[in-house]
Amino acid sequence: MPIQSKAVGLPLSRVEGPLKVTGGARYAAESYEPGMLFGVVVPATIAAGHIASIDVSAAERFAGVVKIFTHENRPSTAYRDSKWKDQVALPGHPFRPLEGERILFDGQPVALVVAESFEAARDAATLVRVHYLPEEPHTDLMRQLHTSYVPPVPRAKEMMPPPPRGNTQAAFDAAAIRISADYRMDGEHHNPMELFATTVLLGDDGTLTIHDKTQGSQNSQDYVCNVFGLATETVVVRNAYVGGAFGQALRPKYQLFFAVMASLDLKRSMKVEMSRREMFYLTWRPSSFQTVSLAADREGHLQAIRHHAVHATSRYEDYQENVANWSGLAYRCDNVELSYEIVKLDVATPGDMRAPGAATGITALEAAMDELAYEAGIDPLELRLRNFVHRDQNQDKDLTSKALHACYREGAARFGWAGRSQEPGSMQDGDDLVGWGMATGIWEASMSPAEATVQYCANGTVVVSAAASDIGTGTYTILGQIAAECFDRQIGDVTVRLGDSTLPKTGVEGGSWTAASSGSAVQAAAKAVIATLLKHAGKLHNSPLARASADEVEVAEGRLVLEANHQVGVAISEIMATAGLSSIEESAEVGPDKALARKFAAYTHSAIFVEVKVDSELGVIRVTRVVSAVAAGRILNPKTARSQILGGIVMGLGMALHEEGMIDHRTGRIVNHNLAEYHIPAHADVDNLEVIFVEEDDDKASPIGVKGLGEIGIVGVAAAISNAIFHATGKRVRSFPITMDKILESETRQ
């Protein structure tokens, strides 16, 4: 907008920040009322088999215990699978807690102990005795690769690989330079700071007010109503504050089911909160195995790409990600063959974890591109520049915008890439081998249907309402900034209401689409308010705006004015006073532009440059510098945007060097289900991180010119670190995470 914004584009601190740092922000487990009950889950201790018997007698005698629910006495619920499917459900049979005696995965809930206090429920849960008939578990992806299959029912059409183009095999065979490599990644677990919890407050009239850790209050509301046969108007779900999620809270979790089930059955308010251990039994980024084959001519121009990806799913659902498709659109190549399969294991259904599919698939692609660069004797950045593409060849569409060239240029300059020597092991700092690596990042820039309501009050204050969730990414702040910009106000004049199922409808918070979707809805609702103001202004005697149209006016300094001439206008206070209005409220709904989508594809891009130092004797790896240059359209708030990218980089560092869910495949059990043994980056692991936002104008990706930032920060980071490690050591480790033992083993094999 032509007005000099008082909000959008400024690095403002998050408006809810003071509440969070002072403990004023209440999370799902922090609602309470006298007389409420508490539930603790008893997890299974086998990964496959059946319950032969379950003895709850000792637990029932424990002081304070009210009731123990098992598969033998669970209240009746919806029968059809369709009633259990949430907004982002998968093909298959949704998990139904306490459905029967069958055990499908380690940690599956087998009982819920309800007591007058949490302590009583916790202690009584240890007295529940379960006798199992265990079966041999199959939890090792590599041993089960021979059982892989193409998902018969796609989760989404765009997740399935496009048809092959060209003649990949012939081009590969004829190419001067060829590489083919396998990449393996162990499963990762989300581990947001806030544990999953649900508090159900039962009203005197039977209504349920549910405080749930979720990325979609309306998704949880729909799930509860469908499963328990409740009327929508009797259930309100709130998630005003969410302490991180990374995709783990997209789908309703079993603590929501248990809390509602027990509350309805016992006619009492109810709270169920998971332990950190239980968090490992929920969704996870699946273990994967990929083969990437690349061929190029002697100048490094790609002649053929083949990418085959396989990852784990559960016995009961076909979890799917877009893993291989990125290899068909990242670089120019006319001969491409992409394939994708999944393998059923005795594990819980995996789930979307920050940049699902892309974080996995692009890691393999970008590591393979680095291998090709060395095979061709070409600088890794130069190889990518030689294969730059301006279209999405998978869909044969133009791009809404692509400032990746600028990312390469600005990122390389800031990092000092020109000073890099090509030869592996040629750069040292004392006893440390120094390595510089880089990679490209890509994520889809999408929108989902979203509604918002904007209320403009006579005193100049603004209220924005939407059911959208803020999982710590700054949604409260950026929506306030957009409204403030529309009405030429300070952000302090705007109140944003989020995280309540009674508010205007939005989808789940995921896919990096919230800013583009809900932000566009807020702008549209604000424009509707301005149109209403204009209608009333036109009725004023001798109104200077009588012949103006809505797209010709804007708000500036408390006046409704012509965009082309701010001298022509009327004070908003006069307009509203004459109309007898204390406020004006309008709603708007936005969604993807289908006409544009038929012609254009939209992506966010990045270039990541990494420096590592590897101890030449011990193999200890340190990431000492990262520069991430990102092209994401209009940046609403550089401060919150930078924080999102920094978080993604740190998660990428974990993916590269630390995170792995360790399963004892003899028992199928997760052995490191805690933050002491499941390693994530700590302060000592994170050094100098720098984020650059390159300029990018995009009037097609979303009405407000925004592309999502939640996912792009992690994409390509693990590959860049891997490539830097090779540059430092000359050892190519294709198994993630890359730990010091793998570095030393690689040296031993040479």
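User: Why is Ser-220 called buried?

Analyst: Its relative accessible area is 1%, and buried means under 20%, so Ser-220 gets the label buried. Keep in mind that this is a predicted model.

User: Where does Ser-220 sit, and what does it touch?

Analyst: Ser-220 is in helix α6, residues 217-228. Leaving out residues up to four places away in sequence, Ser-220 touches Asp-212, Thr-214, Val-237 and Leu-256.

User: And Leu-744, what makes that one partly exposed?

Analyst: The relative accessible area of Leu-744 comes to 29%. Buried would need a value under 20% and exposed one over 50%, so with 29% Leu-744 falls in between and is called partly exposed.

User: How do you know which residues Leu-744 meets beyond its sequence neighbours?

Analyst: Contact here takes heavy atoms within 4.5 Å. Once neighbours within four places are set aside, Leu-744 is in contact with Glu-617, Leu-618 and Gly-619. Take Gly-619: it is 125 residues from Leu-744 in sequence, yet the C-alpha to C-alpha distance is 6.1 Å. Leu-744 itself belongs to helix α18, residues 740-749.

User: What makes β14 a mostly covered strand?

Analyst: Eight of the nine residues in β14 (residues 288-296) are buried.

User: How do you know that β14 pairs with β7 and with β15?

Analyst: Pairing asks for at least two bridges. Strand β7 (residues 177-185) and β14 have nine bridges, in the antiparallel sense, so the two count as paired.

User: What lies between β14 and β15?

Analyst: The hairpin has five residues between the two strands, and Gly-300 takes a positive phi near 90° there.

User: Which residues touch the most other members of the largest nonpolar core?

Analyst: Leu-294, Phe-609, Val-610, Val-612, Leu-657 and Ile-721 do, in a core of 103 residues. Helix α9 (residues 358-376) gives the most to this core, 11 residues. Apart from it lies another core of 51 residues, including Ala-450 and Leu-540.

User: What does Val-612 touch?

Analyst: Not counting residues up to four places away in sequence, Val-612 touches several residues, among them Leu-433, Arg-622, Ile-721 and Ala-728.

Terms used: Residues numbered from 1 in each chain as written. Predicted model: local features only at pLDDT ≥ 70, side-chain atom pairs only at ≥ 80, totals over all residues. Heavy atoms only, no water. Helix = DSSP H or I, 4+ residues; strand = E, 2+ residues; numbered from the N terminus. Buried < 20%, exposed > 50% of the residue type's maximum accessible area, 1.4 Å probe, protein only. Core = buried A, V, L, I, M, F, W, Y, C linked by side-chain atoms within 4.5 Å.
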